[in-house]
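Take a look at the protein chain shown here. The briefing below walks through its parts, topic by topic.

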Amino acid sequence: MGEDGGDGIGCVAAARRQYVTPSPVTSHSALVLVQALFAGMHITASPALEYIPPVAFCALRLILALPFLGYLAHREGGRWFRGWEWFWPVPMGAAIGTAYVLIFVCNQRSGPNVTAMVQPAMPICTTLLSAALGLEKVSVGKAVGLAVATVGTATTLRVLEIEPGASLLDAVLLLTQANAYAVYVVLLTLALKRLPPPPRGAL
């Protein structure tokens, strides 16, 4: 029993280390999982949007998620904003709110496949904004990857032609959704660099 208990404690300690300082394998595995979860969201939301308006669906999603996210924030040592820190929720809320609502508006108008295919615009906008603000350097490898993502997305959308005669409004909504999320990610990076870190004992 002692050995089993020791193994269990060792697994928990290893998991915590991966949470605080994840290895490249853990980071990339988490990113793959996130993409799989997003794909599942696109597919499962599509039939539901036939009965629930996009904004209401978005609100329902947030209502269900907020208790879980609040618990995790508390476990991480989260606290209320103080003083000038209240600046951050306004632009961040506007950006993530726009992205959250439009993901379902686009899904209802253009379908889950097209909505998902435009998502590579997100890292492109994120990289450009991060480079402009001095948060990240664009190496040759990153530039090549972004070019491949851009050409691949444009080619795929052109070849499939899922919605012949799609309106300019649909294209604007799709790109706005992806870029709004990119703006949120950059703002989050700026906020995390300026806000004090959570206590070491958190989690």
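Predicted model: local features only at pLDDT ≥ 70, side-chain atom pairs only at ≥ 80, totals over all residues.

The protein chain has 8 helices and 0 strands. Of its 203 residues, 24% count as buried.

**Overall fold**

- Read from the N terminus on, the elements run α-α-α-α-α-α-α-α.
- Take the contacts between residues at least 6 apart in sequence: 86% of them join residues at least 24 apart.

**The nonpolar cores**

- The largest nonpolar core has 24 residues.
- Trp88 and Met92 have the most contacts inside this core.
- Three helices each supply at least two residues of this core: helix 4 (89–110), helix 6 (121–132) and helix 8 (168–194).
- Helix 8 gives the most to this core, with 10 residues.
- Which residues does Trp88 contact, leaving aside its neighbours within four places in sequence? They are Leu187, Leu190, Ala191, Arg194 and Leu195.

**Describing a helix pair**

- Two numbers describe a pair of packed helices: the angle between the axes and the distance between the axes.

**Helix 4 and helix 8**

- These two helices pack at an angle of about 150°. Their axes are 8 Å apart.
- Angles over 145 degrees count as roughly antiparallel, so helix 4 is roughly antiparallel to helix 8.
- The crossing of helix 4 and helix 8 is left-handed.
- By class, their contact has 20 nonpolar, 4 polar and 2 charged residues.

**Helix 6 and helix 8**

- The axes of helix 6 and helix 8 come within 8 Å. They cross at roughly 40°.
- That angle makes helix 6 oblique to helix 8.
- The crossing of helix 6 and helix 8 is right-handed.
- On the helix 6 side, the residues that meet helix 8 are Ala121, Met122, Cys125, Thr126, Leu129 and Ser130.
- On the helix 8 side, they are Leu175, Ala178, Asn179, Tyr181, Ala182, Val183, Val185 and Val186.
- The residues of this contact divide into 11 nonpolar, 3 polar and no charged.

**Helix 2 and helix 4**

- Helix 2 spans residues 24–48. It packs with helix 4 at an angle of about 60°, and the axes are 10 Å apart.
- Helix 2 and helix 4 are therefore oblique to each other.
- Helix 2 passes helix 4 in a right-handed crossing.
- From helix 2, Met41, His42, Ala45 and Ser46 make the contact. From helix 4, Ile103, Phe104 and Asn107 make it.
- By class, this contact has 4 nonpolar, 3 polar and no charged residues.

**Leu187, in helix 8**

- Leu187 is found in helix 8.
- Is Leu187 buried or exposed? Buried means under 20% relative accessible area, so Leu187 counts as buried at 16%.
- Leu187 touches Trp88, Pro91 and Met92, not counting residues up to four places away in sequence.
- Leu187 and Met92 are 95 residues apart in sequence. In space they are 6.3 Å apart, C-alpha to C-alpha.

**Thr126, in helix 6**

- The place of Thr126 is in helix 6.
- At 15% relative accessibility, Thr126 counts as buried.
- Leaving out residues up to four places away in sequence, Thr126 touches Ala182, Val185 and Val186.
- Ala182, Val185 and Val186 are listed on the helix 8 side of the contact with helix 6.

**Gln119, in a loop**

- Where is Gln119? Its place is in the loop between helix 5 (112–117) and helix 6.
- Gln119 is buried, with a relative accessible area of 15%.
- Gln119 is in contact with Ile103 and Gln177, leaving aside its neighbours within four places in sequence.

Methods. Residues numbered from 1 in each chain as written. Heavy atoms only, no water. Core = buried A, V, L, I, M, F, W, Y, C linked by side-chain atoms within 4.5 Å. Buried < 20%, exposed > 50% of the residue type's maximum accessible area, 1.4 Å probe, protein only. Helix = DSSP H or I, 4+ residues; strand = E, 2+ residues; numbered from the N terminus. Contact = heavy atoms within 4.5 Å. Axes fitted to C-alpha atoms, helices over the stretch in contact; angles between N-to-C directions. Parallel < 35°, antiparallel > 145°, perpendicular 65-115°, else oblique. Left-handed = near helix turned anticlockwise from the far one by under 90°. Nonpolar A, V, L, I, M, F, W, Y, C, P; charged D, E, K, R; others polar.
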